[in-house]
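Ready for some practice at reading where parts of a structure touch? Grab a pencil and work through the two exercises below, then check your steps against the solutions.

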Amino acid sequence: MSTARREVRVTVNGRAYSRSVEPRMLLADFVRHECGLTGTHVGCAHGVCGACTVVLDGVSARSCLTFAIQADGKEITTVEGLAEGDSLNALQQAFHENHALQCGYCTPGFLMSLTEFLRETPDPDEAQIRERLSGNLCRCTGYANIVRAVQAAAQRLREEGRT
Amino acid sequence: MSTHDEGSDTWVGKAVLRKEDQRLLRGFGTYVDDVPEPRGTLHLSMLRSPYAHARVLSVDTSEAESLDGVVAVVTGADVADLIPPFAADYERPGFKISHRPALATDTVRFVGDGVALVLAENAYVAEDAIGLIYVEYVPLPAVADVEEALQPDAPRIHEDLEDNILLTGGNKTDGFDAVFQSADHVFRERFRINRVAGVAMEPRGCLAIYDKAEDAVTLWTGTQVPHMLRVGIARYLGWSESQVRVVAPDVGGGFGPKMYLYPEELLAVALARQYRSPVKWIEDRLEDFLTTYHARDHVYDVEVAFNDDGTVQAVNVDVLVNSGAYSNYPMGVGLEPFQGPLNMPGPYRFRQFAFTCKGIATNTCSTGAFRGVSAPCVTMAMEGMMDRMARHLGLDRVEIRRRNIIHSDEFPYLNVNNQRYDTGSYVECLDRALEMVDYEGYLAAQTPERIIDGKYRGIGIAVVTELTGQGAARYKARNLSDLPGFDGAHLAIEPNGQVIASTSFSSQGQGHETVFAQVIADELGVSVDDITVRGGDTQNSPFGTGTFASRGAVLGGGAVIRASGDLREKIKKFAAHLLEASPDDIVLEGGHAHVQGVREMRVSFYEIARAAYGLTDSMQLPEGEDFGLEALATYDPPASSIANACHIACVAVDAATGIVEVERYIVVHDCGRVINPLLVESQVQGGVAQGLGQALFEEVLYDAEGQLLSATLMDYMVPTACDVPTLEFEHIESPSSDTLGGFKGAGEGGVIGSLPAIACAVGDALVPVGANINRLPLRPDTVLSLIEGADG
Amino acid sequence: MAEHGIDARPLAGGQSLVPLINMRMAQPAVLVDLNRCSELAYLREEDGVLACGPMIRQRELELSPLVRRHCPLIAEAMPHMGHATIRNRGTAGGSLSHADPSAELPGVALAMDAEMVAEGPNGRRNIPVAEFFFAELTTALAADEVLREIRFPKANSHTVAAFAEVGSHFGGLAIVGVAAQVERDTAGRCTKVVLAATGAGERPTRLPSAESILTGEALEERTIMAAAEAAASDVDPLEDLHASAHWRRRAAVAMVAQALRQIAAGVHSR
């Protein structure tokens, strides 16, 4: 059984990281403990809750179901990469304005999944929104304000796209 | 949703956006697993019993110890001297104490009970080593079901106790029997309430950092009760409290299960000191399902005696609670058995009430507090009986409730349990909720067959009370000697004029940093933006009880009002001195102090602070006054304050599959004076989601041998965004007459109302099949069986 | 894999295998990462067949116009599989090899009579789909074989497909599903009916009793209900903590009806 460490080079939120890790290290643990980006959270490690969602090579992915070495040479975006400098981006701002978070633990996972969703579906109806949201679990909010936040963000992004 | 606008008169009552959001939305929140690990942190992994009940004959740690990266393997024998068995030791007639060792020595009592642990250089190796520890068990007969545990030949969970009954209690009002016998009708029903789990999205964990110089430990842990934890840890380890600091950072959901002291916390602290290394433990989701305290798992035998006019004359309930293997700290096993009967009368005026209750040990994970405790469950029973009575008498469900409800002109009201109801709006909330759902229209469209568009459709109405803001007197009456009952706030104006507040509360999503700031803002005449609210660190925050049982608004609000009052007097004195006026003529507004009626004569908080901290050219100290600008206050409310609500659920039941959909959900909610309506509504929405889960599909399932069957999120179903409708929600405010600020709590109402509303709605939908809804969850296969008449 | 035997497992999307590894329910000594084998991720139109490489992502199948046109049953089933983020990484080969009794793609493969091409050190072989899904989480693949290609027959233009499923709540894991594929003549009578149930047994099951009731009949409520009820005798469901065997049987009946109604109404999945 070869557990010899391997080099992993990734770009996270535009910054390069190079680390030597065990092959079995999960991408979630890599991002959190090797890169020090603790915004991505681990809620279950079995792919159900979605709190660990990142964007890997352009698509949303569960970082608890991916090994760090699988991300070698790839680009990752985490929640820390969403804000524009000191300003929350449109989706984050919509979450804030619609009180779409309470404890905040599930929030990064939602944000990463929804970033992709709004790009692919810029004018979603409520059923489509709830369908997409069902891939992430929240135990605090009961989802209503998250739905509102997505609707508000979608509208704002459409308006910004037009100008 | 608006922020506070300049020129509005108060912050309290406004939908202020949260201050917490900035860091949480950016991913800068610091949960326990995010706290930077000091160099040399040892990772702790627990070896847990695979048997529900067994003797532990031997523990062979040799192979685990020799694994590269393992620093130590620790067994129950190793820690027996460090950590004595612990439990809430309170004196109460009928209560037997069952202590819990931090690590089992000779007996394991539930699947998940800790037997040994590994300290290693990283979490992966620690878990590898767990697999290399060999334990010789002798399995013993186990029992998981609460009624089976009562049988005389049932396996005994604690050999030093004569049976599995950990607690008994009861009461009967004077004259009960006569009234009960003379009523026109008696209905009896047995209710079985499912066991559920909190499933906070953040699993439990802690990081214990040992300070060599101080010989002290700082414990970072996702707890709801840092001060109570500190007291408990110091007590059980035999340390001075000055050697223990507990810090609750950002916590990813509490809901009750995180208000307890767990063995892993004691172990991490004790071993950090022993090994002079930081020790970190983070559970995974499987461990969370196995070991984080569960909730509910009750059996109620209910008898309701009522008359032809629908008035309830007397209620009798016998409560069985599955307490699990061990008592817990600080609540003990008495929480659920007594809270059930305590909350059962709800908004109703019946004057005869009898109950018995038992907390029974089984070979399962301990049960304890989870949002609402027993209130959602007994309310479901009571409201279900109301509907049954109505159907039997041919009365409308609303009408029968009207004939039993306490009216607003009767407050303050002492209910049959001598529970004081301070203020409330039971009828008003009901009336408004009926308007919102168009109850008349709903009934007009309803048919005896209940089928509309191929589904059985029904409506459920629940009128509920919520016990909130309990203080010391209540906890002492409940013999909870480990609960202080009061809370505290420390307020200071910094030298730059900003306000720093620290309370004995910590937050798991309730928005305290915003809500308490709103209260302080009104008290001191400053903006919420100039106030920072902290909590959760026993080193920096005043002593108090902590966050659970809908206490925050009442106790925290009251404490900051008190502290603000003291501080306000000081501020006025300094301002008066600077303005050469009388303190009685000083008004605080907009971050300034000005002379009443003369706005131009003013000083800023900054200037006042400079004077108070001696940072001016010349002495600016008022006569008889001391330097400094801070205040510390505690608050203990008179008893408890009672919030109330009306919940209405409209459901559709698929006749082919039994799946229940909640199509509409209405809440009219009264939590007294509302501090932040946005946050209150969201608390109720979240609570409704949890109640919906328990009502329809959540269940912690053990088999007959005590094996946990539902140990993952694939097996334990948590509501998704496709399950939970958006509430139609309105507030009514009946300020408490008893609490400072008139606030009442709001955290648990969502669950308390949704369990009965949804259960009653399904009961209404299934009227044509004649089903009594008396067990939860109403899973599709259960509902289908009712429809098919399989249950008779 | 030949070198390490049962100690080695192929790693496809990881959406089914890695949870087991994280929970230490599966502890393979070696993972053979197929994600870097770009030659295994393809979707190729051939004569009469859409050939998929095992590593084709579920999301690509979901969005593919080729799939929508030629294999409508796959297009109907895809939105039901897990969630979008899972489908980004999950693969066709992974889902089929994992053989979860409630998984949708095995039911689709069975309904479409797909050709399952296995490859090992001894070369390639075709495994008939009816034999491929052996038991719960067990396929006919040998320990040193991988699923190398899945060949889905193209449907003709008269074929309409639907997929319906149900679980214990909404937005969560499905328990029982039905894949339906129907060809009708110009008079509206069914000339070919294929129905396969997932989650109603150890492996996906065809529903011959239901199929034969509909053959030659029009799709109307009477015939749909008759076919659905007949399906009850075609399944041999398991019982577990999620649902009783009885419920699974009744859910299969309900999903047959729902899928057929979707076809009759011309309604598409999501």
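**Exercise 1.** In this predicted model, find how many residues of chain A are in contact with chain B, and say which elements and residue kinds make up that side of chain A.

*Solution.*

Step 1. Start with the count: 43 residues of chain A are in contact with 42 residues of chain B. Contact here means that the C-beta atoms, placed from the backbone, lie within 7 Å.

Step 2. Now look for the elements of chain A that give two or more residues to this side: they are α2 (90–97), α3 (107–120), α4 (126–133) and α5 (144–162). The largest share belongs to α2(A), with 4 residues.

Step 3. Sort the residues on chain A's side by kind, and you get 20 nonpolar, 16 polar and 7 charged.

**Exercise 2.** Let's move to chain C. Name its domains, then describe the side of domain 1 that touches domain 2.

*Solution.*

Step 1. Chain C splits into domain 1, covering 37–153, and domain 2, covering 159–265. Taken over C-alpha atoms, the centres of these two domains of chain C are 21 Å apart.

Step 2. Count the contacts: 20 residues of domain 1 of chain C meet 22 residues of domain 2 of chain C.

Step 3. On the domain 1 side, the elements of chain C giving two or more residues are α4 (72–77), α7 (104–111) and β7 (133–135). Here α7(C) supplies the largest share, 6 residues.

Step 4. Finally, sort that side of domain 1 of chain C by kind: 14 nonpolar, 3 polar and 3 charged residues.

Methods: Residues numbered from 1 in each chain as written. Chains lettered and ligands numbered in written order. Predicted model: local features only at pLDDT ≥ 70, side-chain atom pairs only at ≥ 80, totals over all residues. Domains from an automatic or database assignment. Contact = placed C-beta atoms within 7 Å. Nonpolar A, V, L, I, M, F, W, Y, C, P; charged D, E, K, R; others polar.
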